[in-house]
Amino acid sequence: MTDAIQVQGWCPSAWQPMRAQDGWMVRVRPHCASISAAQWRLLAQLALSQAHSQIELTRLGNVQLRGVSEPQQVRSQLIAAQLVPVDADADLAPAVHCTPLYRSGDATHALALWLSAAVVERLSPHALARQAVAALPGKFGLLVDDPDRHMQSIAADLHLWVAADQGYCLALGDAADWYCFAHAQDAVEAAVQVALWFASARATITPAPTRLRGLLPYRQPDLPALRAAQRRAAVADGGSPAQALSPGQHAGQGWVMAAPLGRIDAAAMHQLASDLPAHTAIRVTAWRSLLVDAPAMESHIARLDPAHWITQPDDVRLRVSACTGAPRCTQALIPAQAMALALAAQVAENKHLHVSGCAKFCALAADASGVLYASRGAGGEVLLNASAVDQRARPGPPISSLAHTEAPEKIQELLHDLHL
Ligand code: SF4
């Protein structure tokens, strides 16, 4: 029997929430990756009173509530707290993701503010409609990285960053070379021109690509803003890319805290946010964690409940991830989250196991080395399948399958034997 997988069509937002089986999904895109302690308190209260009692961190540094019963009410409160734009057009403009590694007012922060303003003004659905151009696809996004490019592997369409020599850089898609500009405004102008070009040029290909990297093999932008820039190529021995920030203290940057499976217990978040001064910036990283730099942070960390927070880089729970799974997702055949946490200690230090309630692989981690997923066998029975994941984060064919009712030891043995 083949599983019927239902695919949803767009990325949820506050103005365009997505209906899931367990209620509405509402996503907040933090402005410059930052949410104040007071705003986190509100998010936690909303999760506790009007949604599931977990706040999800996404792999692009967004925050989402699931199981929301009254999305309009929630949206009104998010707007009042300045977590969401007051008009739908600004909320539906392409996302501008931002590194959490900046100092308020520095060049990276200024670049992110300029880019965010330009994107709303010139790339929102209404702004494009005025030029008779269709809105950009929902997954099209821009990114402002830190000078060390910690977010280089994030799949944004346009990457901008401030170089060590204070120049401004723009890379298209996942290209290894980039354009350099003397001024931030020139880099922002070039990014907007490329996005406008993509919005028109994608229509010349069938089917129209939804990401810039899908168009670049067929079309190249020939734009005044790019012609005026200096082109630079990555040097072959340029060293290894900057690593994701792991939980723990990072000198000069603050403390990184993660939550098991990237889902923060709302009551635990409320307590942390209430302990910190209201204006404290709690930044959201693209690694499903938070970065906090506040006075006496060590004592706040010491008071955190380890059941809800991960503050050490060797915590085995960092080696697993899971989709929503049963009982909240009606397509799920297994309780993926509980299973992932139960198996975490069996996963080797340099591996990452993703557990999926069906073969749709929602929220599959880009760094997953193996996946354990459920499917139905020929007789309708539920099977657990183990697969390796390739470099493009695609699960291969099952290496082995067993009945999901097998004892946990058998499942652990399977993972161990397959080196997943
Ligand atoms: S992968 Fe998980 S969350 Fe996605 S549809 Fe399947 S069971 Fe549901």
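Reader: Which residues are the closest to the ligand, and how many surround it?
Author: In this predicted model, 13 residues surround the ligand, and the closest are Cys-323, Cys-329, Ala-332, Gly-357 and Cys-362; a residue counts as near a molecule if its C-beta atom, placed from the backbone, lies within 6 Å of it. Residues are numbered from 1 along each chain as its sequence is written. Because the model is predicted, local features need pLDDT of at least 70 and side-chain atom pairs count only at pLDDT 80 or more, while totals for chains, interfaces and linings use all residues.

Reader: How does that shell divide into nonpolar, polar and charged?
Author: The shell around the ligand has 7 nonpolar, 5 polar and 1 charged residues, where Ala, Val, Leu, Ile, Met, Phe, Trp, Tyr, Cys and Pro count as nonpolar, Asp, Glu, Lys and Arg as charged, and the others, Gly among them, as polar.

Reader: Switching to backbone checks, where are the cis peptide bonds?
Author: One joins Thr-206 and Pro-207, with omega about -5 degrees, and Pro-207 lies in the loop between H6 and helix H7 (212-215). Another joins Ala-326 and Pro-327, with omega about 5 degrees, and Pro-327 sits in the loop between strand E17 (320-322) and helix H11 (336-343). Helices (H or I, at least four residues) and strands (E, at least two) are DSSP runs, numbered from the N terminus.

Reader: And what about phi at Cys-32 and Gln-82?
Author: Neither is a glycine, yet Cys-32 has a positive phi of about 55 degrees and Gln-82 has a positive phi of about 60 degrees. Most residues other than glycine have a negative phi, and most peptide bonds are trans.

Reader: Is Cys-32 buried or exposed, and is Gln-82 buried or exposed?
Author: Cys-32, in the loop between strand E2 (23-28) and strand E3 (34-36), is buried, with 21 other C-beta atoms within 10 Å. Gln-82, in the loop between helix H2 (71-80) and helix H3 (88-91), is exposed, with 11 other C-beta atoms within 10 Å. A residue is buried if 20 or more other C-beta atoms lie within 10 Å of its own, exposed if 12 or fewer, and partly exposed in between, with C-beta atoms placed from the backbone.

Reader: OK, helix H4 next: which of its residues are buried?
Author: They are Thr-108, Leu-111, Ala-112, Leu-115, Ser-116, Val-119 and Leu-123. Seen down the axis of H4, these buried residues fall within an arc of 130 degrees, so they line one face of the helix; the arc is that of the directions from the helix axis to the C-beta atoms.

Reader: What covers that side, and what is on the face turned away?
Author: The cover includes strand E6 (95-98), helix H5 (125-130), strand E7 (141-145), strand E8 (158-162), strand E9 (168-172) and helix H6 (184-201), whereas the face turned away carries the exposed residues Ala-117 and Glu-121.

Reader: How does the span of H6 compare with what it should be?
Author: At 1.5 Å a residue, the 18 residues of H6 should span 26 Å, and its end C-alpha atoms are 26 Å apart, which agrees; the expected span is 1.5 Å times one less than the number of residues.

Reader: Finally, how many helices and strands are there in the chain, and what share counts as buried?
Author: The secondary structure comes to 12 helices and 21 strands, and 41% of the 420 residues count as buried.

Technical notes: Contact = placed C-beta atoms within 7 Å.
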